[in-house]
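Thanks for coming, everyone. Let me put the model on the screen, and then we can walk through it.

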Amino acid sequence: MSQDNLQNFPVPNPDNAPAGPTGNQRQLSAEESALASSNNSGEWFHLQVTYTDGGKTATGYITQYMGGAMYWDSYIIITDTPQTKFKSDSGAWLSDANQVTYKNAPFYLCVTAGPRYWVYLSNHYTDVKWWVAEGKLYNNYADGPAGCVPQDPPFYNRQLWVCFNAGNALSNCKMIPA
């Protein structure tokens with residue numbers, strides 16, 4: 001998909017509230033299971049990624065959207081500086097976010113139902129397993145590695161929304177000690 005075609009890709013919207021993944025978890029291979037369970041368990045980290053936006057490649061960090069628009073504050077975007085920390089809890093990634101849309105912590109990295117699998121923080125769904133392999137970010141619900149979709153939402157400035165099954169693939173994903 002070309003960068004220009006991504007401009008009309010819909011951002012997450014309140015009509016598709018983050019209700020968690022649906023369907024069956026993907027059966028992990030032995031290698032994927034080992035990677036998910038060995039993700040610096042118990043140690044806080046920032047997730048650094050390389051992304052492409054407007055034909056330019058840059059490095060950024062996976063973080064909680066903090067734009068003040070209540071619904072979108074649970075979603076994950078890419079920023080220039082590390083802001084949100086994660087740590088592995090039996091393969092699920094716990095965040096250091098203390099408030100998301102007026103819900104109480106703890107918040108885990110999660111994905112919405114397909115087909116796009118937007119990445120967000122949930123205090124209910126804790127069974128999504130995450131891992132980094134060969135510089136790509138994966139989970140046990142969506143097929144393939146994570147990507148990002150650039151958008152100019154109607155409420156704030158341009159953001160790079162993290163999702164699966166769409167957008168430009170993220171690469172060089174690294175867990176940087178926080």
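Start with two residues, Phe86 and Trp93: are they buried or exposed? Both are buried. Keep in mind that what you see is a predicted model.

These two also form an aromatic pair. A pair of aromatic rings is described by the distance of the centres and the angle of the planes. For Phe86 and Trp93, the centres are 6.3 Å apart and the planes make an angle of 40°. That counts as tilted. Now compare another pair, Trp131 and Tyr138, which is stacked. Here the numbers are 6.0 Å centre to centre and 15° between the planes. Why do we call Trp131 buried? Because its relative accessible area is 1%, and the cut-off for buried is under 20%.

How many aromatic pairs does a search of the whole structure find? Nine. Some of the rings join up: Phe45, Phe86, Trp93, Trp130 and Phe164 are linked by ring pairs into a cluster.

Let me step back to the whole chain. The protein chain has 178 residues, and 48% of them count as buried. Its secondary structure comes to two helices and 15 strands. Take the contacts with a separation of 6 or more: 60% of them join residues 24 or more positions apart.

Next, the core. In soluble globular proteins, nonpolar side chains tend to be buried together. In this model the largest nonpolar core has 39 residues. Which residues have the most contacts inside it? They are Ile62, Ile78, Trp93, Trp130 and Leu170. Several elements give two or more residues to this core, including β1, β3 and β12. Strand β13 gives the largest share, five residues.

Look at Leu170 for a moment. Leaving aside neighbours within four places in sequence, Leu170 is in contact with Ile62 and Ile78, among others. The list also includes Val49, Tyr51, Cys148 and Val162.

Strand β8 is another contributor to the core. It runs over residues 108-111. In a regular strand the side chains alternate between the two faces of the sheet. In β8, Tyr108 and Cys110 point one way, and Leu109 and Val111 point the other way. All four of these residues are buried. What does β8 pair with? The partner is β9, residues 119-122, in the antiparallel sense over four bridges. Within β9, Ser122 is the bridge partner of Tyr108.

Now to Ala178. This residue lies in the segment after β15. Why is Ala178 classed as exposed? Because its relative accessible area is 54%, and exposed means over 50%. Ala178 still touches Trp44, Phe45, His46 and Lys85, not counting residues up to four places away in sequence. Ala178 and Thr84 are 94 residues apart in sequence, yet 9.4 Å apart in space, C-alpha to C-alpha. As for Lys85, it lies over the face of Trp44, at 5.9 Å from the ring centre.

Last point: confidence. The mean pLDDT of the chain is 78, and 73% of the residues reach 70 or more. Over residues 1-9, the pLDDT is below 50. That stretch has 24 contacts in the model beyond near neighbours in sequence. Residues 14-18 also stay under 50, with 11 contacts beyond four places in sequence. Where pLDDT is low, the predicted coordinates should not be read in detail.

Conventions. Residues numbered from 1 in each chain as written. Predicted model: local features only at pLDDT ≥ 70, side-chain atom pairs only at ≥ 80, totals over all residues. Heavy atoms only, no water. Buried < 20%, exposed > 50% of the residue type's maximum accessible area, 1.4 Å probe, protein only. Contact = heavy atoms within 4.5 Å. Phe/Tyr/Trp six-rings, centres within 6.5 Å; stacked < 30°, edge-to-face > 60°. Lys NZ or Arg CZ within 6 Å of the ring centre and 35° of its normal. Pairing = 2+ DSSP bridges. Core = buried A, V, L, I, M, F, W, Y, C linked by side-chain atoms within 4.5 Å. pLDDT = per-residue confidence, 0-100.
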